[in-house]
Amino acid sequence: MEKPLKILVVGAGLGGLVAAIALAQIGAKVDVVEIKEDNSVPGVGFGLRGNGLRAVREVGLLEACMQFGSESTGVNYVDPQGRHLCTLKYGIFEEGLPGVLSMPRLDFLDAATARALEVGCVIRMGTTVAAMQQDADRVTVTLSSAETEEYDLVIGFDGINSQIRREYFGAQYDPTPVGGVAWRSALPIAPGMTGNIFIQGAGGKLVLTPLSSEIMYAVLTVAEEGRPRHDPSKMGQIMYERARALMGHSDFMADSLEHLRESTSVAYTPYSITWVPYPWFRGRIMIMGDATHAMTPYLGSGAAMSIEDGIVLAHELAKDQSLVDAQLSFMARRLPRVRAVHERSQETMYQEFDSVSPEALQRRLEFLRTEEPLANEYANRLLAQPY
Ligand SMILES: Cc1cc2nc3c(=O)[nH]c(=O)nc-3n(C[C@H](O)[C@H](O)[C@H](O)COP(=O)(O)OP(=O)(O)OC[C@H]3O[C@@H](n4cnc5c(N)ncnc54)[C@H](O)[C@@H]3O)c2cc1C
């Protein structure tokens, strides 16, 4: 391949920005286009475990993440009354890496944008691809700004509703709902709270994660079929009622949950997945991240898998090989790993939801007490494998 490569990344989300940095670090000339005008994002926070953190370290972002993130070694699972069920350790236990780091999404995107600019990427906000045409040597891209540019490679990092996937891979790979939803909101931190708590309740769980010394992030995951239209002005109240019902109206965390009633920033996300079968490229147009393999966030690894994608592609493009050989080596490294994490994440969600009746809830609580620590160890080992 003639170097330097000229690459367009479509989408400045979690994966796209890291890919842009990794590609610029191997000497590529990278442009990024992002349809949004700024970095505002729905959803207040996300976590990276050791595997995601080792990847962000490779692109020089770990230090920034450590500054605004909140570290923990794992989670404590409790029952609806707050009684301890098990302690799960996260992470790959590498020197210098926390087990899990929870971060405000906006801070991560701002830090990744700053780093991408520092390594020479050009980022065009409020811009998308209007048309693309490829031949054996290049892709000619017309941007929404009417500018035309030529690239060696275009990477669609345009998220779960990717236009590039739809256009070049087909509508059959559109997102599929999996029957679960996440209700998310920031809350004042509960007194004395230091680490993540997972509360298994009837038909789902409530996760409480400290994001800073003042704020915690509450995520309620429950089965909710269809796409009910909730009144936007009542989201805080509905999340509150769902959380209280899930916990059988117990006293545990009841005072903290009261704050949900006034929350005006509840994000409501029905879980959907995508899966594009081998290969994730059509000539010089590739797709990665949620565009290709959006997963339920049950191993906390959707972002991590997206972030790893761009880094692995950069490794392969840095080698002395043709573009198609680099793409095939990329697929050989990514497909089995991403598939395993994707499947495991979905299965874990179904296990959690299978707890609606009192008997099923007791079975689930017993599973968490006795079997979950081993299941967690297998997941840790899977994530710890090299990318
Ligand atoms: C409720 C929930 C909680 C989650 N929690 C975690 C977690 O704790 N840990 C974890 O690892 N993962 C988590 N995830 C998954 C994680 O958010 C995604 O896997 C990750 O954001 C995917 O990164 P991406 O870059 O592929 O897509 P995104 O981050 O979605 O970025 C896509 C970008 O492309 C832009 N875009 C879209 N269309 C166009 C276009 N036509 N032109 C230009 N730009 C475009 C979008 O505006 C966006 O900025 C969670 C997901 C959900 C739903």
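The model is predicted: local features need pLDDT of at least 70, side-chain atom pairs count only at pLDDT 80 or more, and totals for chains, interfaces and linings use all residues. Residues are numbered from 1 along each chain as its sequence is written.

Of the 32 residues around the ligand, G11, G13, G15, G289 and G302 come nearest; a residue is near if its C-beta atom, placed from the backbone, lies within 6 Å. Each element in the table supplies at least two shell residues. Helices (H or I, at least four residues) and strands (E, at least two) are DSSP runs, numbered from the N terminus.

| Element | Residues |
|---|---|
| α1 | 14-25 |
| β2 | 29-34 |
| β3 | 45-49 |
| α9 | 302-318 |

The largest share, four residues, comes from α9.

Helix α9 also packs with α2 (residues 50-58) at an angle of about 35°, with the axes 9 Å apart. Axes are lines fitted to C-alpha atoms, for helices over the stretch in contact, and angles run from 0 to 180 degrees between N-to-C directions.

Strands β3, β7 and β4 form an open antiparallel sheet in the order β3-β7-β4; strands pair if DSSP finds at least two bridges between them. β3 and β4 (70-72) stand at the edges with a single partner strand each, so one side of each lacks a neighbour in the sheet.
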